[in-house]
Protein chains: 2
Amino acid sequence: MKTTRTQVKRIPKRGHYDLKTVYSILDTGLICHVGFAVDDQPFVIPTAYGRMDNRLFIHGSPASRMLRSLQQGIEICVTVTLLDGLVLARSAMHHSMNYRSVVLCGTAELVSEREEKMQALYALTEHVMPGRWAETREPNEQELTATTVLALPIDEASAKIRTGPPVDDAADYGLPHWAGIIPLRMQAGEPIVDPKLAEGIVMPAHVKQYLRKRREFLEVV
Amino acid sequence: MKTTRTQVKRIPKRGHYDLKTVYSILDTGLICHVGFAVDDQPFVIPTAYGRMDNRLFIHGSPASRMLRSLQQGIEICVTVTLLDGLVLARSAMHHSMNYRSVVLCGTAELVSEREEKMQALYALTEHVMPGRWAETREPNEQELTATTVLALPIDEASAKIRTGPPVDDAADYGLPHWAGIIPLRMQAGEPIVDPKLAEGIVMPAHVKQYLRKRREFLEVV
C-alpha cells in the first residue's frame, strides 16, 4: 500500500495505509478527482466512481478525452476528499481544516467483458445510492457498447486524516480570539420530483433511507 | 479564457468561460484539487485556496513536495468542484449529478514580496470565513518566512455546470421508477468550542453569520 509515490510526505502522522481506512473514505465520498497528464499538461477532472473489492471504477463516453487518455495505460492519480470541518485558530496561520482524503496511484485497465462491465456499472450506481440499481432499468446492449468503463486497482493508496481542535502557539492561548471547529457535512435537501414523473409513483424506501442518512448530522445538532 | 486545454470537450453546452461564472464557483468552494506531474507521475492534492482579483493563491510549508514542484514553473491544473445534487433517473445509465466545477490551467509563481504575501494570506483566511482575519493574530515575520505562497493567474479557466432534472430515454418515462433530484449542500453543524478557549470569550458575529449562511439551505426545506 505505502509506496514512494503514495507516502504521505507532509505531517506523516496524518498518514494511514491500511485498506480499511482507505475503503471507508472511498465508500463515503461521492466524487473523485482524476489526475492525468497529456504532453506534460496535467488535467484534474471530477467524476463519479464506484468501488468493488480492491478496484475503483470510473465510466463515461468512449469519446471522453480523459477515458481515451487513461486507456493508454498512462499513470494516473485519483483523489477523494471529504471535508469534515473548518478549524478556527487564534492565529491566522494555524487555521486548518479537518478532512479525510485518499490518494490513489496506478494505471487503469479497460473493463470490456460484458458481465464484469455490468458489475462495475452496478457498483457505480449503488455507490451513489444503495438500493438504486434494483429500482431502475438496467443498461441495455446499446448502452453497454456506448459506455467505457475503466478499473483502477487499489494497490497504491494512502489516506490522510486531520481531526480535532486547532493547535495554536503556546503564547497565543491567552489571546481574546474565539477558536474551535465548525463541523461540515454534505446534507440532503427536500427532493425535487421529476416534473415528468408518471402519476401514482411514490418515493421508494431506498430514497427515504438515503435522506435519513444525509440528515442525521443536522438532527443531532 | 477559452483555450485548447480548457475547452469543455464533453457536452459543450455545459461549458462556461465568462469570468463572473468562474469567480462565483471559485468563491463558493472551500478546497481545490491541485494536479501536477513529476517524472510523468501525476499527483492530485486537495488544499485550501483563496482568490484576489484574477489570481488564485495556495500556500503551505516550504518543505511541501507539491509547492516545491510547482515553483519550478511546471504546468498545473487546479479544479474546484461543487456538488449540488444527485440526479436519479429511471434508467441506471442516465443517473447523473448536478454540479458546478472550474478547471484552471497555467503555471504558478512564487509570491515573495512581503506586502503581497500578507494580502494572499488575507485572501486565504477570508476565503474560509469572511471576517475572520480581523479577529485573529496576523502572521508574524517568522511565520511569513516559514510559509510558501504561490499565485496562479486565472487566465485559462473553464466552468462546467449541470442543472435540472434527469433526462431519460423517451421510452423510459412510462417505467414505474421514481425519478428526481436529491439536492446536496455542505452544511454546518453545531460548533465545537476549543477546550482550551479562555474564559469569557463568546462566539463572534462573523462565526454566527457563517453558521446562518451554512444552514439556510436546510431551513428552507
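Me: How many salt bridges does the rule find across the interface of chain B and chain A?
Reply: The model is predicted, and side-chain atom pairs count only at pLDDT 80 or more. One of the pairs is B:Asp194 with A:Arg90, whose closest N and O atoms lie 3.0 Å apart; that separation meets the criterion of within 4 Å. Across the interface of chain B and chain A, the number of salt bridges found is 6.

Me: Which strand of chain B gives the most residues to the side that touches chain A?
Reply: The side of chain B that touches chain A divides into 56 nonpolar, 20 polar and 19 charged residues. The strand that gives the most to this side provides 9 residues and spans residues 180-188: strand E11 of chain B.

Me: What area is buried between chain B and chain A?
Reply: The contact takes 95 residues from chain B and 95 residues from chain A. On the side of chain B, B:Met93, B:Arg137 and B:Trp178 lose the most area to chain A, together 10% of what that side buries. Carbon and sulfur atoms give 69% of the buried area, which is about 7800 Å².

Me: Which residue of E12(B) is the bridge partner of A:Gly180?
Reply: Strand E11 (residues 180-188) of chain A pairs with strand E12 (residues 192-193) of chain B in the antiparallel sense, over 2 bridges. In E12(B), the partner of A:Gly180 is B:Val193.

Terms used:
Residues are numbered from 1 along each chain as its sequence is written. Chains are lettered from A and ligands numbered from 1 in the order in which they are written. This is a predicted model: local features need pLDDT of at least 70, side-chain atom pairs count only at pLDDT 80 or more; totals for chains, interfaces and linings use all residues. Side-chain values use heavy atoms; hydrogens and water are left out. Contact means heavy atoms within 4.5 Å. Buried area is the accessible area (1.4 Å probe) that two parts lose on being put together, summed over both. A salt bridge is a side-chain nitrogen of Lys or Arg within 4 Å of a carboxyl oxygen of Asp or Glu. Helices (H or I, at least four residues) and strands (E, at least two) are DSSP runs, numbered from the N terminus. Ala, Val, Leu, Ile, Met, Phe, Trp, Tyr, Cys and Pro count as nonpolar, Asp, Glu, Lys and Arg as charged, and the others, Gly among them, as polar. Two strands pair if DSSP finds at least two bridges between them.
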